[in-house]
Amino acid sequence: MLKDIFINPFVDMVEAPDFLLQVLWEGLVSGVLYALIALGFVLIFRSSRIFNFAQGIMVVFAALTLVGLHSFGVPAWISVLLTLGVMFVLAVGIERVVLRPLVGQPDIILFMATIGITLFLIGGGEIIFGGENKQMITEELGIPTGDTVLEPWGGLLILQHLDITVVVVACALVAALLAFLNYTQMGRAIRALGDDHQAALSVGISLQTVWVLVWFIAGIIALVTGIAWGARAGVSFALEVIAYKALPVLMLGGLESIAGAIIGGLMIGLMEKLFEIYWGQPLLGGNTETWFAFVLALIVLLFRPQGLFGERIIERV
Amino acid sequence: MLDQTEGYITADGRQIGGTLMEMKNITLKFGGLVAIQDISFDIREGEIRAIIGPNGAGKSSMLNIISGFYTPTIGEVWYKGAKRPPMKPYEVARMGVARTFQNIALFEGMTVLDNVMTGRLTHMKAGIGAQALWWGKAQREEIENREICEKVIDFLEIQNIRKTPVGRLPYGLKKRVELARALAAEPSILLLDEPMAGMNVEEKEDMSRFILDVNDEFGTTIALIEHDMGVVMDISDRVVVMDYGKKIGDGTPDEVRNNQDVIDAYLGVAHD
């Protein structure tokens, strides 16, 4: 038994390095997407102290809107633009109707409000577009669907073009977001608001503008993730569950750390895949990916309640 | 634009302009508590105006009214010759009013340079889209902002900590960074809430010198709060003295120093 846990998996890894690479690659693909969703959470949490429970359903809603618009006969790329428009209207609406009246309320009330938003989006999405599983319009968007076969060390490594596209697009989006946050005035405003509300007001930052902006960014992220995941698993409300994987990512990375969200996402993606293939399937009967991330987060929480990368501001007295 | 009130010439020969800001019969109540009672005074263009008074006199409340954090219960704020409608603090900031805080409100997770750059947010013109795409106008603005911030950083002698996260700085330097952020906004009026609180003698001297230099170099109008009488009397042109929410004196440091009510407030006399 101990041999199965501590020795055999590593022997397998070394004996079939091409398979290990395949596993790592697949882990990386999900990891990048987890990181992206977690980033959406972090931005909203930092700038408004709201734990946005609705992030998961926003992924579904964005994907549904895209597919739904296309099924009404709108060309694919126009549908993407229109969906972005819908996400913007959603951001403005949420700020006006939900956040603004609740400013200054305890965090738990705002959290409950995001659960309300979740229910609203589920209901709205179903009424408008129907609840059945839909096909993502992968080809219409020009996303490549073939695969490339590599033969490292005489082995076999299959890279789905879809996955390559997902990784490239997600990395580009993360890089763009980081640049936006670090090198533009609006980005500084977002970070500043996360640090100190009063000071942010005194330098002319409007809470409302920043809130609409971060919710819209979360909407863009939701759309990209929705397309990526929809292309692999179809568009249905089951996607929401995948988005909740961002929760353990946040526990691991810390709720406020942008770098933490990225590293945490990649770590969870890679580790859950490795665990599933080398430990889960042989020892536990498989399907460990559904719970592994949460258990990992629980263990991290025991030892580091602020997460692995949570920002702890040094206090001087 | 400005009120046509005649200016005056200070003891050290500087020409002070007309009225930049005027507080008219300001009363501020928190429920039953009267924090400020019917106070009027003006701030002239180019002067260093101090508001002093013992703890709890209502000085900070007054500053919060000027910067829009509080709205007066009764009374009007006039700014650049026009009555200012009730505004949010960020709107007041965009009208050219910059401030610092008594307990230092910096963005602790960001570097000194980034903190100072946030001071330029009031001058943001390029749209969010243009910034996201790093388009011409946004790019030019960013470079221009950076230049102004570097100038301020040089001026306040904090070049060597530009890239340090603010959370790691000692107290005195934080105060200076906060001043830098306010200055980066190129404000028409600069509000300083106890800029020397908690400082040692040397740091106080440094801060006094910076305040005088800012006023001298950029012609910035400064309104500051202090309860340390000594420093204030040295650097300010005119002083408002508050006690228990009321104005008990207003004038040059010399006039105020010889005002019986002020002496009573500071040295302590039984209130009837």
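In this predicted model, helix 3 of chain A goes past helix 10 of chain A in a left-handed crossing. Helix 3 covers residues 17–48 and helix 10 covers residues 207–233; their axes come within 9 Å and cross at roughly 170°.

Who does the touching? On the helix 3 side, the contact is made by A:Leu33, A:Leu36, A:Ile37, A:Leu39, A:Gly40, A:Leu43, A:Ile44, A:Ser47 and A:Ser48. Helix 10 of chain A answers with a set of residues that includes A:Trp211, A:Trp215 and A:Trp229, along with A:Val210, A:Val214, A:Ile217 and A:Ile221. Sorted by class, the contact between these two helices comes to 17 nonpolar and four polar residues, with no charged ones.

Over in chain B, the picture is one of domains. Domain 1 is built from two stretches, 1–96 + 187–272, while domain 2 takes 107–186. The C-alpha centres of these two domains of chain B sit 26 Å apart. Where they meet, domain 1 of chain B puts in 11 residues and domain 2 of chain B puts in 10 residues.

On the domain 1 side of that contact, the elements giving two or more residues are helix 2 (89–94) and helix 7 (201–218) of chain B. Helix 7 of chain B supplies the largest share of this side, four residues.

Terms used:
Residues numbered from 1 in each chain as written. Chains lettered and ligands numbered in written order. Predicted model: local features only at pLDDT ≥ 70, side-chain atom pairs only at ≥ 80, totals over all residues. Axes fitted to C-alpha atoms, helices over the stretch in contact; angles between N-to-C directions. Left-handed = near helix turned anticlockwise from the far one by under 90°. Contact = placed C-beta atoms within 7 Å. Nonpolar A, V, L, I, M, F, W, Y, C, P; charged D, E, K, R; others polar. Domains from an automatic or database assignment.
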